[in-house]
Protein chains: 2
Amino acid sequence: MLKNPPTVAGYASVVGKREHEGPLREYFDLHDSTEKFGMDTWEKAESEMQRLSLNLALAKARLCGQELGAIFAGDLMNQCIGSSYAAECAHRPFFGLYGACSTFAEGSVLASLLLDSGAFSRCAVLASSHFCTAQRQFRYPLEYGCQRTPTSQRTATAAGALILASEGNGPYIREVLPGTIVDMGITDINNMGAAMAPAAYDTLTKYFGETGKKPEDFDLILTGDLGREGHGIICDFMKSAGYDMADVYNDCGLMLYDVDGQDMHSGGSGCGCSAATVAGYIMKRFEKKELCNVLYIATGALMSPASLQQGRSIPGIAHLVRISAERGE
Amino acid sequence: MLKNPPTVAGYASVVGKREHEGPLREYFDLHDSTEKFGMDTWEKAESEMQRLSLNLALAKARLCGQELGAIFAGDLMNQCIGSSYAAECAHRPFFGLYGACSTFAEGSVLASLLLDSGAFSRCAVLASSHFCTAQRQFRYPLEYGCQRTPTSQRTATAAGALILASEGNGPYIREVLPGTIVDMGITDINNMGAAMAPAAYDTLTKYFGETGKKPEDFDLILTGDLGREGHGIICDFMKSAGYDMADVYNDCGLMLYDVDGQDMHSGGSGCGCSAATVAGYIMKRFEKKELCNVLYIATGALMSPASLQQGRSIPGIAHLVRISAERGE
């Protein structure tokens, strides 16, 4: 629980074609149906999405980059180049993160703790993913046209940015809980939801256990991004632990697309999926006063193609952030 | 400057064959001349080095893993699998970092700030690299026997761990300065020293400028790992800015090996190089009271093989940590 809860001073989201065709289209700031954002490679396009989302969020917060104490950023590309090339234009202290799809929450946890303590007064949190960079890096060349399994998730082409500040009018980051790595032995790369759900269960039960709160205390409990498989698993797990989340629970991977209509199999994934959902849809609904108290738990699968080829299982992690319209209880 | 400087409660270093044949051999806790550490792949061996260094450091601090508030860790492997598989055994809150060779300092900066604020009372900072995992991932298959250029550095097979705590008898982390990304347009993957030196210059001149301190105020100014090329560049740059560091400056990449005798070209590199040097040599010399005030600046090159193939330049970063035997000035 943060004594001096930081506020969301600015937010922005940038998405690709499919994400802009999805049900959340009106909540995103910017999209490019070519998904290239004026660049000549997918990797540069992903960096550009992150850079655009940072600049838009700064503009909305009426700040210039020089007023940021630090930038916390990460993505899925090898050596996290999406973030380094995006952040180098800002010339601010930079903390590179790798938390797979949990990165946006990992950055929010760290930034919130350091704003709470007064180490910084304004920080940016960034994350992105791009279907085309992820597809060729983690799976198969795009040209191969590989068919996906029913349990597989689609890496979202999306980026999100939050500007967190020690002073402001909310919404506020009220509580954070960094996740612990949980590995239940899943080795199926096409079923990441199953690999990550136990980590979300671990973080959520710790949170409810320590705070005494219940699912019905929240307007929304939001995981990112367990997809359809993981959604079912976490609901079952939580129910057997005595927490019925059915009425308030959703998953960014299921919200970003019209899963059946857009043929998205198990839903969306990637750092950008929950980053754009939170820094687009969630923040705009807070602004409209349609949401007041949200639990955001971003999950990550911490394997690599090499570790899977070597027969290792998929470690999962889930970081939790509580966002509230009120500064005090 | 930290108001409640955290202390180094435990430290450990684990290295491979060449590192154990180098001039710092007596300062390392553990080595394996097969560099496999009982594992059947290089990637698992790297994780094992990190796990061993964490457990050794905990043992020296007389702590068990459950007493850690958080683990900050990173490595050079795609998706940072060295750290995730090492940390999953500890079952503690985990922050995955990517800062290339600057990771050990990046983790120390974050952990120190969060210990200073009271968010945690004990944290572990881990980093590793392995010649064989790096060689096949970043360069060529080992079997190819590729000849290195004179300016290239060798990725060290090494891991280091620090246990930082809010209470203890020192040495203390007194000041931290997170780095800003600096990109001077270098595109030569075999000259990382030149790509990273401007970032070290940026961080060092900011530090000296803000504190009013001078190089002669320190027993040792230690960069990690600029190698021979970067060492020359940073000395020249600093001299032209009015700071003569010649008498107190050294670089982890030049200290880890007998550079000429072991045919190491421009010296060592990799997250593990400065991690093992600091969590081995530097900490043991603090223990013997041979060092009292050290400035440690770890540098990282934030490119990837893909970004270089696409013709992009190499962004550099340098995070600074001041370690002192005294808690107060």
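Visitor: In which loop is Q79(A) found?

Guide: Q79(A) is found in the loop between β3 (70-75) and α3 (81-87) of chain A, where helices (H or I, at least four residues) and strands (E, at least two) are DSSP runs numbered from the N terminus. This is a predicted model, in which local features need pLDDT of at least 70, side-chain atom pairs count only at pLDDT 80 or more, and totals for chains, interfaces and linings use all residues. Residues are numbered from 1 along each chain as its sequence is written, while chains are lettered from A and ligands numbered from 1 in the order in which they are written.

Visitor: Why is Q79(A) called buried?

Guide: A residue is buried if 20 or more other C-beta atoms, placed from the backbone, lie within 10 Å of its own, exposed if 12 or fewer, and partly exposed in between. Q79(A) has 27 C-beta neighbours inside 10 Å, and therefore counts as buried.

Visitor: What makes the phi of Q79(A) worth a remark?

Guide: Most residues other than glycine have a negative phi. The phi of Q79(A), a residue other than glycine, is positive, near 60°.

Visitor: Why is N191(A) called buried, and which residues does it touch?

Guide: N191(A) has 23 other C-beta atoms within 10 Å, so it is buried. Leaving aside residues up to four places away in sequence, N191(A) touches T151(A), I186(A) and E229(A), contact meaning that the C-beta atoms, placed from the backbone, lie within 7 Å.

Visitor: What kind of peptide bond joins G170(A) and P171(A)?

Guide: The bond between G170(A) and P171(A) is cis, with omega about -5°.

Key. Two residues are in contact if their C-beta atoms, placed from the backbone, lie within 7 Å.
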